[in-house]
Amino acid sequence: MSSFALLPGAPDSPVLLHVPHAARAIPDGVREGIVLDDAALERELDHITDAHTDRIAEAAAGLAGRTPWRFVNRLSRLVVDPERFPDEREEMLAVGMGAVYTRTTHRGELRAAGTDPEPLVERYFRPYARAMSEAVAERLAAVGRAVIVDVHSYPAEALPYELHGSGPRPPVCLGTDAFHTPPDLLAAARKAFSVCGETGLDSPFSGTYVPLEFYGRDARVSALMVEIRRDLYMTEPGGPAGPGVGVLAAALAALVDSL
C-alpha cells in the first residue's frame, strides 16, 4: 500500500484538503530505529498524531456541494514529517523535529543520536513531496488555480516541544503565509469556522504547507492551515472522537464551498 493517497474530487474543484498527520502507522523497518518501547511509543503517538482529522476531511468532502480533492498521509509523522523543510531552513530542528524526528513531544530520545535521516527522506519524504506537487499541478492545469487547505489539530495544553506554545490557543487557529494566503481566503475561513468559537491567527502554530516547487513563486497556489484544538472534538490525548467532528466537518465543507 502506498504511504499516501490522492482521493479524487470534482474535476472542476481547485481545492486540495491536505491531511498529513492523522495516521499512526509505522512500517516495521522504521519501527526498528525508534528507541521507545511499545507502550511509550503508543503514548507518543497519542500526543503527536492529529487524530481523526482524516475523518473530519472525509466528512467535509461528503458534505461539500463540489467535492474537494484530498491528499492523505497514510503513515505517522514519526516516519517522516512531510511538512518540514528537509534541510537547515527548518526551525523545528532546534527540538529534534526536522523532516525525521529524533526527539519526542516531551523532548526525550526518539531515535539514537547521530541517526542519518537521509534513507527515510529518500524513501518517504521525497515521493510524498513529488506526488503533492503533481496534485497541485493537476489542479492548475484543470482549473487554473489550486487552494490547499491544510487540516491539522493541536492539544489544548502546550507540549514541551512547541517553540511558540506560550501564545493564544483558540478553538481554531488559522495558519497563514504572506505570499500564499490572500485576504479573501482568510476571511472565508474566519466566517466558516465562526460556528466553532474564536478563530485565531498564527498562534500557537503559523504558516501553511505549499510544495517547494510552488512556494513563494506561483500566486495561483493559495494555501491556509486549519489547526483545530482537540478538545473541540475528541478526548485527549489520543482518545475517541465526539460529536464535534460533525460540527467541524460542516464548517470545513462551508469553507470548501466558498472557494
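## What covers helix α3

The buried residues of α3 are covered by elements that include β2, β3, β4, β7 and α6 (244–258). In α3, these buried residues are Thr53, Ile56, Ala57, Ala60 and Ala61, where buried means under 20% relative accessible area and exposed over 50%, with partly exposed in between (1.4 Å probe, protein chains only). They sit on the same side of α3 because their arc around the axis is only 135°, taken from the directions from the helix axis to the C-beta atoms. On the other side of α3, Gly62 and Leu63 are exposed.

This is a predicted model, in which local features need pLDDT of at least 70 and side-chain atom pairs count only at pLDDT 80 or more, while totals for chains, interfaces and linings use all residues. Residues are numbered from 1 along each chain as its sequence is written, and side-chain values use heavy atoms, leaving out hydrogens and water.

## The sheet

Now to the strands: an open sheet of 7 runs in the order β1-β3-β2-β4-β7-β5-β6, with mixed pairing. Helices (H or I, at least four residues) and strands (E, at least two) are DSSP runs numbered from the N terminus, and two strands pair if DSSP finds at least two bridges between them. At the edges lie β1 (4–7) and β6 (199–201), each pairing on one side only.

Strand β1 runs antiparallel to β3 (residues 69–73), joined by 4 bridges. Leucine 7 has arginine 70 of β3 as its bridge partner.

Conventions:
Contact = heavy atoms within 4.5 Å.
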